[in-house]
Amino acid sequence: MTSTVAGQAARLGGADRVLTEEEVTAFVLEQLGPLDVDGRSVCVLVPDATRTCPLPLLVSAVHRALHGRVSRLTVLIALGTHGAMTDEALAAHVGVYPDTEVINHEWWKPETFAHLGTIPSERIAELSGGRMSGDVPVLLNRAVVEHDIAIVVGPVLPHEVVGMSGGNKYFFPGVAGQQIIDVSHWLGALITSAEIIGTTGLTPVRALINDGAALIPAEKYAFCVVTAELPPDGTDSDKSSALHSISFGDCISSWSSAAEISAATHVTYLDRPRRRVLSLVPQMYDEIWTGAKGFYKVEPIVADGGEVILYAPHIREIATSHPQIHEIGYHCRDYFVKQWDAFKHVHWGVLAHSTHLRGAGTYDAQTGIEKLRVDVTLATGIPEDVCRAVNLGYRDPATIDIAEFATDPNALVVPRAGEVLFRLS
């Protein structure tokens, strides 16, 4: 049964239930059936493999509802600045469908983009509370612009930059140009991850990406889903095919509808902080650039002076697409803010990632002393000298005894870390 919530969004499901695949498919067909798509082109934006989502189920239902009606159907992978997926990986991730082209967002190619307009400096200053300024050109993957309709399909989760992911975030930064990615991420970093993560309201970063999305000429809709966190089953599976809910409408109302459910299902409250957290980073994160989510989601519950260990023997790279992180290392926000002239040339998205993984801290520009609230240690396949060089701790993953952590009352073991947010009640 659908209900109208958060504006005009229709929603099936809720925090207290798990939908069947048949229910999900029927909902998609019901919502797209009356949509004015006949003879028009449709671009479907979906996440890459760093998000848990039953994508073949959802895309199959969308294809079933649109095939034979639309003039052209394209599925665009919202990579942001993540690495491209191979043809084989795309087939497994999305599925293969007749008369449908599946493409990566090729963010490294300038010809990928269309210029939609500019967000003026005054608006950037307003959103940042005066901490940032400068006009921001709005560049977007031209595949979106060259289709009549854009449909976002993907999950909503607590997010370190925007508060809650999903919705218009699939456009910005999902398939956007570098400058608006940099500005949005650095804006979030200035507010700080601990402050913004899990916020269901209109954060300054969400307002910025909504401004960008308002410039898109295509009609915009979204299926926003909330995945069900299943108990560990003893396997190495990252993925859940189960959903708590699915919402459909415009990209703002459907996101808002799903954010309500995500806040009720993807936030775990603890009664006291922990000295040690062992985040078991799943296989879907193949480098620290994405695996760092195992820190972001637990930072709020770590005691001052505590430690977060990212346990991921499968990870062997910091960030293949962002070598600048090796030049600057990982530091707190004020380390960069108080030495801005030395770092302003670095992509602000890289600076933001640095601060997000290093968390809260202070920097004294006179003494050059940086004090960090918690320690961050990598227990991965990355060599010790590389970890130390970027200002992170190191442990041989072979020395990690997960059972020992689990019996320590001052420790917390987080399975499949990276999507569920932990807060203090």
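**Briefing: strand pairing, helix packing and local backbone features**

Tyr 311 has Ala 379 in β18 as its bridge partner. That bridge belongs to a predicted model, in which the protein has 17 helices and 21 strands. The radius of gyration is 21 Å, close to the 22 Å that the globule rule gives for 425 residues, so the protein is as compact as a globular protein of that length. Along the principal axes, the C-alpha trace spans about 65 × 50 × 40 Å.

**The open sheet**

- Strand β15 (residues 302–312) runs parallel to strand β18 (residues 375–380), and 6 bridges link the pair.
- Both strands sit in an open sheet of 5 strands, ordered β19-β18-β15-β14-β20, where the pairing is parallel.
- The edges of this sheet are β19 (393–394) and β20 (411–414), each of which pairs on one side only.

**Packing of α1 with α2**

- Helix α1 covers residues 21–32 and helix α2 covers residues 55–66; their axes come within 9 Å and cross at roughly 35°.
- The crossing of α1 past α2 is right-handed.
- On the α1 side, the contact is made by Glu 21, Val 24, Thr 25, Val 28, Leu 29 and Leu 32.
- On the α2 side, these residues meet Leu 57, Leu 58, Ala 61, Val 62, Arg 64, Ala 65 and Leu 66.
- By class, the residues of the α1 contact with α2 are 10 nonpolar, 1 polar and 2 charged.

**The annotated span**

- An unreviewed UniProt entry carries the annotation "domain: LarA-like N-terminal" for residues 39–189.
- In the model, residues 39–189 are 28% helix and 28% strand.

**Local backbone features**

- Phe 172 and Pro 173 are joined by a cis peptide bond, with omega at about 10°.
- Pro 173 is placed in the loop that runs between β10 (163–164) and α6 (178–191).
- Asp 99 has a positive phi, near 55°, and is a residue other than glycine.
- The loop holding Asp 99 lies between α3 (87–94) and β5 (101–104).

Terms used:
Residues numbered from 1 in each chain as written. Predicted model: local features only at pLDDT ≥ 70, side-chain atom pairs only at ≥ 80, totals over all residues. Heavy atoms only, no water. Axes fitted to C-alpha atoms, helices over the stretch in contact; angles between N-to-C directions. Helix = DSSP H or I, 4+ residues; strand = E, 2+ residues; numbered from the N terminus. Left-handed = near helix turned anticlockwise from the far one by under 90°. Contact = heavy atoms within 4.5 Å. Nonpolar A, V, L, I, M, F, W, Y, C, P; charged D, E, K, R; others polar. Pairing = 2+ DSSP bridges. UniProt positions renumbered as here; feature names shortened; annotations may be inferred. Rg over C-alpha atoms; globule rule 2.2 N^0.38 Å.
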